[in-house]
Amino acid sequence: MKCWKKVTAALMAALALVGMTGCAKPSPGQLITGAQQRMAKVNSMRMSMDIKLELAEELSAVGLSMTMDADIIQKPEAKTKASLQINSFMDAAVLEMYSWTQDGTQYVGISTDGTNWQKTKALENPGASSAQALDPSQMGEMLNGYLDSLENFVIEGEEQIEGKDAYKITGKISAEEIKNMMSSVSQGMDIPLSGEIPISIWIGKKDGLPLQYYIDLASLINPTAQEATGESAELVKEFSMTITIPEYGIADFEIPAQVQNASEMGSDGTQQTIL
């Protein structure tokens with residue numbers, strides 16, 4: 001009888017241990033590393049981005065908001081389909097955008113009405129820098145960069161994003177890391193930056209993939225402006241970017257022929273009609 005009691009007690013202890021192990025939360029490092037590994041395998045994603053900029057009171061008339069919805073295919077060949085709405089203190093604009101690679105060259109195609117298109121070589125045309133800044137084709141690499149550069153991160157809790165359970169991780173990215181991330185588009189220019197960027201990332205409990213990013217850019221812009229001008233006043237009241245990725249692996253589209261054959265803007269800003 002005593003033997004059975006000992007066996008029963010041992011089994012109960014083992015079951016309790018298994019239960020505790022199954023309920024244990026992963027560490028922040030495990031979540032970040034796992035998300036990076038899974039992001040590297042992602043072929044496509046559907047995402048939205050919301051940028052808000054509100055300047056200080058003396059510049060309160062100047063503001064900007066931008067929303068973007070995009071389907072992004074990263075493999076086997078990178079291409080993007082996006083719709084952007086930009087609202088400023090002066091005007092509002094809606095842009096349709098595609099990016100793709102053609103004969104080894106990356107192009108960005110933009111239209112303000114969905115009918116008349118212009119395209120530009122994204123990497124060769126200096127005048128395309130504004131288009132490149134809006135091009136989400138490298139979004140997967142950028143998001144992985146945020147994961148890789150995050151410092152002092154902790155699990156803050158659990159929340160729902162797009163109806164999915166997620167771990168909320170908070171941390172910061174230093175100005176130096178931001179410089180490194182921008183090196184591919186800064187064209188060798190030394191961009192002075194100060195401060196750091198607080199960032200929150202929600203990682204899905206079920207699939208381990210990032211569902212949302214919230215990036216507080218004001219914490220980088222204000223110290224940078226203060227150091228450059230010697231003034232203590234803040235330049236911006238709010239400058240934030242929220243990126244939501246509700247779905248992975250479902251994007252499917254082709255680049256329309258009218259976009260591929262659109263008039264091309266040359267390096268001098270002139271148009272070159274592609275026959």
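Select Tyr107 to begin: Tyr107 is buried, with a relative accessible area of 8% (buried means under 20% relative accessible area, exposed over 50%, partly exposed in between, with a 1.4 Å probe and protein chains only). This is a predicted model, in which local features need pLDDT of at least 70 and side-chain atom pairs count only at pLDDT 80 or more, while totals for chains, interfaces and linings use all residues. Residues are numbered from 1 along each chain as its sequence is written, and side-chain values use heavy atoms, with hydrogens and water left out.

Next, the aromatic pairs. The whole structure has 2 of them (rings of Phe, Tyr and Trp, the last by its six-membered ring, pair if their centres lie within 6.5 Å; planes under 30 degrees apart count as stacked, over 60 as edge-to-face and the rest as tilted). Select Tyr98 and Trp117: the ring centres are 5.5 Å apart and the planes stand at 55°, so this pair is tilted. Tyr98 is in strand β4 (residues 92-102) and Trp117 in the loop between β5 (105-111) and β6 (118-121), 19 residues apart (strands are DSSP runs of E, at least two residues, and helices runs of H or I, at least four, numbered from the N terminus). Both Tyr98 and Trp117 are buried. Trp100 is buried, at 4% relative accessible area.

Move to Glu54 in strand β1 (residues 44-55). Glu54 is partly exposed, at 36% relative accessibility. Beyond four places in sequence, Glu54 is in contact with Val236, Lys237 and Glu238 (contact means heavy atoms within 4.5 Å). Glu238 is also its bridge partner in β11.

Now show strand β11 (residues 236-248) whole: β1 and β11 pair antiparallel over 10 bridges (two strands pair if DSSP finds at least two bridges between them). Strand β10 (residues 210-216) also runs antiparallel to β11, joined by 5 bridges; there Gln212 has Thr244 as bridge partner.

Finally, colour by pLDDT, the predictor's confidence in each residue from 0 to 100. The chain averages 75, and 69% of the residues score at least 70. Residues 1-23 stay under 50 and have 0 contacts beyond four places in sequence.
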